[in-house]
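Q: I have a structure open and would like to go through its main features. Could we take the fold, the aromatic residues and a few individual side chains in turn?

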Amino acid sequence: MDRRVTRLLVPSVLLVALVAGPVAWTDASAGRTVVIKDVRFTPKRLTVSRGTKVTFVWQDGITRHNVTSLGSRHFKSATSRSTGEHTVRLNKAGVYRYACTLHPGMTGRIKVR
């Protein structure tokens, strides 16, 4: 690539990153984070590589939640909590659907490649 193009491209990419704002994660080796706040999972849908650690972080004040997988791919947090975190390592490819069993409609999905 031409050096002039590189000198223009790098600052442009950095500017886009600054304008886009913070992201919940930076690289796969560091894992992924799902925040539990405002009676929802954020992000609601996530795609990761096999072996990635996904950490659910409770940030919903005094409102209690849990994380329970649905279907044949199993993981489960403590029964209910309002603070803390729960980490799972997803080693098998497939779709992991999960929910808070305390709040109907509070669901999410992780696709593992």
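The conversation below goes through this structure topic by topic.

Q: What kind of model is this?
A: It is a predicted model.

Q: How many helices and strands does the protein chain have?
A: The protein chain has one helix and eight strands. Read from the N terminus, the order is α-β-β-β-β-β-β-β-β.

Q: And how much of the chain is buried?
A: Of the 113 residues in the protein chain, 33% are buried. The chain exposes about 7500 Å², and carbon and sulfur atoms supply 56% of that area.

Q: What share of the contacts joins residues at least 24 apart?
A: The share is 48%, taken among contacts in the protein chain between residues at least 6 apart in sequence.

Q: Turning to the strands, which way do β1 and β4 run, parallel or antiparallel?
A: They run parallel: strand β1 (residues 32-37) is joined to β4 by five bridges. Within this pairing, T33 has T55 of β4 as its bridge partner.

Q: What about β4 and β6?
A: Those two run antiparallel, with seven bridges between them.

Q: Is β4 mostly covered or mostly open, and how many of its residues are buried?
A: Strand β4 is mostly covered, as six of its seven residues are buried.

Q: Which pairings does β7 make?
A: β7 pairs with β5 in the antiparallel sense over three bridges. In that pairing T68 stands opposite A99 of β7. β7 also pairs with strand β8 (residues 107-112), again in the antiparallel sense, over six bridges. There, V95 stands opposite K111 in β8.

Q: Next, the aromatics. How many aromatic pairs are there in the whole structure?
A: A search of the whole structure finds six aromatic pairs. One of them is formed by F56 and Y98, whose ring centres are 5.1 Å apart.

Q: Why is the pair of F56 and Y98 called edge-to-face?
A: The planes of the two rings stand at 80 degrees, so the pair is edge-to-face. The cut-off for that label is an angle over 60 degrees.

Q: Where do those two residues sit in the chain?
A: F56 is in strand β4 (residues 52-58) and Y98 is in strand β7 (residues 94-99). The pair thus links distant parts of the chain, 42 residues apart.

Q: Are F56 and Y98 buried or exposed?
A: F56 is buried, with a relative accessible area of 0%. Y98 also counts as buried, at 1% relative accessibility.

Q: What is the geometry of F75 and Y96?
A: Their ring centres are 6.3 Å apart and their planes are at 35 degrees, so this pair is tilted. It too links distant parts of the chain, 21 residues apart: F75 is in the loop between β5 (68-70) and β6 (84-90), whereas Y96 is in strand β7. Both F75 and Y96 are buried.

Q: Which residues do the ring pairs link into a cluster?
A: The cluster consists of F41, F56, F75, Y96 and Y98.

Q: And W58, what lies over the face of its ring?
A: R81 lies over the face of W58, at 4.8 Å from the ring centre.

Q: Where is R81, and what else does it touch?
A: R81 is in the loop between β5 and β6. Setting aside neighbours within four places in sequence, R81 is in contact with W58, T63, R64, H65 and H86. Its side chain also reaches the backbone oxygen of E85 at 3.4 Å.

Q: Why is R81 described as partly exposed?
A: Its relative accessible area is 23%, so R81 is classed as partly exposed.

Q: Last topic: where is N66, and why does it count as buried?
A: N66 is in the loop between β4 and β5. It counts as buried because its relative accessible area is 5%.

Q: Which side chain does N66 join through a polar contact?
A: The side chain of N66 makes a polar contact of 2.7 Å with that of T101. Beyond its neighbours within four places in sequence, N66 is in contact with several residues, including F41, W58, S77, A99, C100 and L102.

How values were computed:
Residues are numbered from 1 along each chain as its sequence is written. This is a predicted model: local features need pLDDT of at least 70, side-chain atom pairs count only at pLDDT 80 or more; totals for chains, interfaces and linings use all residues. Side-chain values use heavy atoms; hydrogens and water are left out. Rings of Phe, Tyr and Trp (its six-membered ring) pair if their centres lie within 6.5 Å; planes under 30 degrees apart count as stacked, over 60 as edge-to-face and the rest as tilted. Helices (H or I, at least four residues) and strands (E, at least two) are DSSP runs, numbered from the N terminus. Buried means under 20% relative accessible area, exposed over 50%, partly exposed in between (1.4 Å probe, protein chains only). A charge sits over a ring if NZ of Lys or CZ of Arg is within 6 Å of the ring centre and within 35 degrees of the ring normal. Contact means heavy atoms within 4.5 Å. Accessible areas come from the Shrake-Rupley method with a 1.4 Å probe; for residues, only the protein chains shown count as cover. A polar contact is a pair of N or O atoms within 3.5 Å; within protein, one must be able to donate a hydrogen and the other to accept it, and residues adjacent in sequence count only if both atoms are side-chain atoms. Two strands pair if DSSP finds at least two bridges between them.
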